[in-house]
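Work through the exercises below with the model open in your viewer. Try each task before reading its solution.

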Amino acid sequence: MRSRRTFYTSLGALIVLLGAACTSARASTQVAEPSPGQTPSVPAVQDGAATQLAPSMTAAVETPTATLAPTQPLPTATMPPPQPTACPPELCTYAAQFFLARPIAAENNDAVDITYRFGSTQGGQREPHHGVEFLNPYGTPVLAAADGLVVVAGDDLQPTSERGVWPITYFGMFSNFYGRLVIIEHAVPEALLQTFPDLPQPIYSVYAHLSEITVQPGQMVKTGEQIGKVGMAGVAQGPHLHFEVRLGKETYSSYNSVSNPELWLMPHVGDSGQLNGGLAVRFLDIYGQDYMMSSLVLEHLPEGPDQPNDLEIHLVSYEEKGMLGRYPWKEGFAIGDLPPGLYRLNYPNNGVRRVLLEVLPGQLTVATFQLEK
């Protein structure tokens, strides 16, 4: 429904943007029930000189029990160097975190399943999701997301902790949760470490529910190299690839050391010919604690803030409290592969708050908003 009055407020909120290679911008907030006759100006984008915000827009093959590979030097990940400009305490967007290639080839289905995003419960029907899914037929090739060292290749029937050591640790929630799986260790891009020197490293990519594994522990692999095939081993409901990103040394076996893969996977090139971008948002309650927002609507506004949307996405914050506010982006929810351009985020807080945000090509916008009493 069209509002009758629009105006911008600062929210009295902290708006923090984190990442690498910074470009400054502004966020504006609209409160429900605006009055007629006022047209909001569109925030400018700073990139050298200020510019006006522009619209865009069979049987499974048996594999050995999972084995830890011997330590070997990792290949150095190459990323664009970060810009030295400090990010202002308003709104910024950043590049350089999207360094993982998609683990499914483009000729297959390389899009993340939007019905069961990271942190969601699929409407309360399932456990909070610790990864993302790529829905593909049984036997579809699975590819390495980056250069790295294979540290696990096998099944998850046995715990990763030593016998008699508590707590007992499995790769998933319990024995045979993922079935056949591969875990690859990757070096952290230098651009990320310059921005986030405390980022847990290395980074691990996890490929689960496989029907076949085609690599061995200790093997070095290259980006795009086949490491297995899509299956439905473990607790999978139908054939698909379950894909995770885990952070930190010795955490490859930890089910809880995950980060949203949509913050790491390279976006697609959109219909406009530009690389898509991403958005991550953190909500804080009146006491400054991470807040789980249950109802969010994100609208893409290709023709400007007062024009109709061409894309509407309904979201919720991560539905497991322990996932909220994790370093480095400390987000409460995130979504990748968004067409670049202007977006309106709608969320409840003393009515409906409407915040204008911009997603830039190949970059991640990260914002934090504190709720009002």
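Predicted model: local features only at pLDDT ≥ 70, side-chain atom pairs only at ≥ 80, totals over all residues.

**Exercise 1. Classify the ring pair of Phe99 and Trp264, and say which parts of the chain the pair ties together.**

Solution. 
- The structure holds 15 aromatic pairs.
- In this one the ring centres of Phe99 and Trp264 are 6.1 Å apart, and their planes stand at 80°, so the pair is edge-to-face. The cut-off for that class is over 60 degrees.
- Now locate the partners. Phe99 sits in the loop between β5 (91-95) and β6 (132-135), and Trp264 in the loop between β14 (258-259) and β15 (277-284), so the pair ties together parts 165 residues apart in sequence.
- Check burial. Phe99 is buried at 13% relative accessible area. Trp264 is buried too, at 0%.
- Finally, widen the view: Phe99 and Trp264 belong to one aromatic cluster with Phe196, Tyr327 and Trp329.

**Exercise 2. Classify the pair Phe174 and Phe177, then decide for each ring: buried or partly exposed?**

Solution. 
- Geometry: the centres of Phe174 and Phe177 lie 5.0 Å apart with planes at 85°, so this pair is edge-to-face.
- Phe177 has a relative accessible area of 6%, so Phe177 is buried.
- Phe174 has 38%, so Phe174 is partly exposed.
- Together with Met173 and Val235, Phe174 makes a nonpolar surface patch of about 250 Å².
- Met173 lies in the loop between β8 (148-155) and β9 (180-186). At 43% relative accessible area, Met173 is partly exposed.

**Exercise 3. Find the residues with the most contacts inside the largest nonpolar core, and list contacts of Val182.**

Solution. 
- Background: in soluble globular proteins, nonpolar side chains tend to be buried together.
- The largest core here has 65 residues, and Val182, Trp264 and Phe283 have the most contacts inside it.
- Set aside neighbours within four places in sequence. Val182 then contacts, among others, Val150, Val152, Tyr207, Leu210, Ile213 and Ile227.
- A second, separate core has 13 residues, including Leu149, Tyr204, Val206 and Tyr255.

Terms used: Residues numbered from 1 in each chain as written. Heavy atoms only, no water. Phe/Tyr/Trp six-rings, centres within 6.5 Å; stacked < 30°, edge-to-face > 60°. Helix = DSSP H or I, 4+ residues; strand = E, 2+ residues; numbered from the N terminus. Buried < 20%, exposed > 50% of the residue type's maximum accessible area, 1.4 Å probe, protein only. Patch = residues over 30% accessible without salt bridge, like charges linked within 9 Å, V, L, I, M, F, W, Y side chains within 5 Å. Areas by Shrake-Rupley, 256 points an atom, 1.4 Å probe, with all protein chains shown as cover. Salt bridge = Lys/Arg side-chain N within 4 Å of Asp/Glu carboxyl O. Core = buried A, V, L, I, M, F, W, Y, C linked by side-chain atoms within 4.5 Å. Contact = heavy atoms within 4.5 Å.
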